[in-house]
Amino acid sequence: MRYSAFKIFSQGLTGNKGWKPVWREPDPKPEYDIVIVGAGGHGLSTAYYLAKEYGMRNIAVVEKGWLGSGNIGRNTTIIRSNYLLPGNEPFYEMSLKLWEGLEQDFNYNAMVSQRSILNLVHSDAQRDAFIRRGNAMFLAGADAEYATAEQLRAELPFLNYDNARFPIKGGLFQRRGGTVRHDAVAWGYARGADERGVDIIQNCEVTGFDIENGKCRGVQTSRGAIRAKKVAVCVAGSSGRVMAMAGMRLPIESHVLQAFVTEGLKPVLPGVITFGAGHFYVSQSDKGGLVFGGDIDGYNTYAQRGNLPVVEDVAEGGMAIMPMIGRARLLRSWGGIMDMSMDGSPFIDKTHIEGLFFNGGWCYGGFKATPASGFCYAHLLAKGEPHPVATQMRLDRFKRGNLIDEKGQGNQPNLH
Amino acid sequence: MIINHPLLGPRDAAEFVYLGDASLIDRPDWQAEDAAEAFYEYGYLRDNPAGQHQELWYHEQGDRSWLVVTRDTLTHEISKVEMARDVARSRGRSK
């Protein structure tokens, strides 16, 4: 069923009795060409682009819980492509371009809102660094715009420009950045993949890989064995646990990132704003809540909850740039598990086991990457070689010394 | 989280800096034949278990000692705290 304004109107007049479930609930077949492990944003978008762009239909997406039950529904919904390094920026710019056409492409309202993202600058050195970043963005075809403090005062009068410790000296805008309704992304991709014949099998936990003579022939699941020519793991957050079943150790630690939302307020924030001196980012949801977050807690964990010191740190960051946030009451906070990689950048790659592919290590940047991650993973699975914008996202890059370390922090996952 | 420091008693985890897996104590032999491979694995690969995890915490805002904390990564429950130097010596290191 194709959605349209006419459809909503006609259904409204006929008691909304014609809507159908947007995906089937099939039982697993004994064999598929490709089994994707994990029906999150990236797994579903991989299935969608495999079916749509690469003409592959005999695909299953297996999911331990319900589809979209992981980080696709736990993030702060920001999209942007303001990266620095050539290994990253063309990939994220491709992702942003896919976001721009996504709703028309999969005929689903994902509420893509290009309301801009602003990275604040608090020192002269930081201004130099951000202008360099803006130029790197231009090189990849992205947009960037430097705004002085005077320009910002006119546009965003509520920020604390004269903070004694961290005065706001300017900021780098990406006007095409913004927010998306995150659950709708999973639903839209699931619907699009299902329509094209992909089996999305929920409540089906992978319990092992069938590896014979160095080749992956399928997966063992809680609903029986499924044979596959290719197995594509896409379980960021749990990558360590899942790949351990294939005997692999990864350049990844699992960490928790907390996020927060306040009670609904009148419109106060026009776009996404990030603090450049600490780590704090905030936007306002369409329901009115201020959605914000900060640093990861910083220790290995698989518990989807964090601790109070980070809550305090995030609140301090918010108060430093936007004192009015102190009047808002916090409604909820939650945590999601991140694959924190050794250089802060992700992986879309084959493994040393033939037929076993890996997508993970998204740190806390996975949501914005959802379309390009699926597209590039689908390309790798269909063609056997990396997509041109994802050639550096390799598992062996540490061995070769080709790190993609945006912040230059070294192999310390909790600093990325 | 509260870390029960062997010398100082219970301390808030916020006083500590987290380094990572306690296997980092076992630095490979730089003169070994396979040193490059061993250092790659030492520097970049992690077990990252869901469950009991031995890890290094540094008491930066305290007595600046390194601790080996055994903690469950599913519940955050800490079951054991040792001085890292004791652990290193028990594994045959001189200091």
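**Close-up views of a predicted two-chain model**

**View 1. Contact between the two domains of chain A.** In this predicted model, 23 residues of domain 1 of chain A are in contact with 17 residues of domain 2 of chain A. The domain 1 side of this contact, sorted by class, consists of eight nonpolar, 13 polar and two charged residues. Domain 1 is made up of the segments 29-77 + 182-252 + 343-415, and domain 2 of 112-177 + 253-341. Between the C-alpha centres of domain 1 and domain 2 of chain A the distance is 28 Å.

**View 2. The largest nonpolar core.** This core contains 120 residues. Val35(A), Val37(A), Ile59(A), Val61(A) and Val231(A) are the residues with the most contacts inside the core. Helix H9 (residues 366-383) of chain A contributes nine residues, the most given to this core. Both domain 1 (29-77 + 182-252 + 343-415) and domain 2 (112-177 + 253-341) of chain A give residues to the core, so it lies between them.

**View 3. Surroundings of Val37(A).** Val37(A) is one of the residues with the most contacts inside the largest nonpolar core. Leaving aside residues up to four places away in sequence, Val37(A) touches Val62(A), Val206(A), Val219(A) and Val242(A), along with Val231(A), Ala232(A), Val233(A), Cys234(A) and Val235(A).

**View 4. The four-stranded sheet of chain B.** Four strands of chain B form an open sheet in the order E3-E4-E5-E6, paired antiparallel. Strand E3 (17-21) and strand E6 (78-83) of chain B are the edge strands, each pairing on one side only. From one strand to the next, the twist averages 30°.

**View 5. Pairing of E3(B) with E4(B).** Strand E4 of chain B covers residues 52-58 and pairs with E3(B) in the antiparallel sense over four bridges. Opposite Asp21(B) stands Glu55(B) in E4(B).

**View 6. Contact between chain A and chain B.** Across this interface, 21 residues of chain A are in contact with 18 residues of chain B. On the chain A side, at least two residues each come from helix H7 (239-244), strand E12 (252-264), strand E15 (289-300) and helix H10 (397-400). By class, the side of chain A that touches chain B has nine nonpolar, eight polar and four charged residues.

Note on methods:
Residues are numbered from 1 along each chain as its sequence is written. Chains are lettered from A and ligands numbered from 1 in the order in which they are written. This is a predicted model: local features need pLDDT of at least 70, side-chain atom pairs count only at pLDDT 80 or more; totals for chains, interfaces and linings use all residues. Domain bounds come from an automatic or database domain assignment. Two residues are in contact if their C-beta atoms, placed from the backbone, lie within 7 Å. Ala, Val, Leu, Ile, Met, Phe, Trp, Tyr, Cys and Pro count as nonpolar, Asp, Glu, Lys and Arg as charged, and the others, Gly among them, as polar. Two strands pair if DSSP finds at least two bridges between them. Axes are lines fitted to C-alpha atoms, for helices over the stretch in contact, and angles run from 0 to 180 degrees between N-to-C directions. A nonpolar core is a set of buried Ala, Val, Leu, Ile, Met, Phe, Trp, Tyr and Cys residues joined through C-beta atoms within 7 Å. A residue is buried if 20 or more other C-beta atoms lie within 10 Å of its own, exposed if 12 or fewer, and partly exposed in between; C-beta atoms are placed from the backbone.
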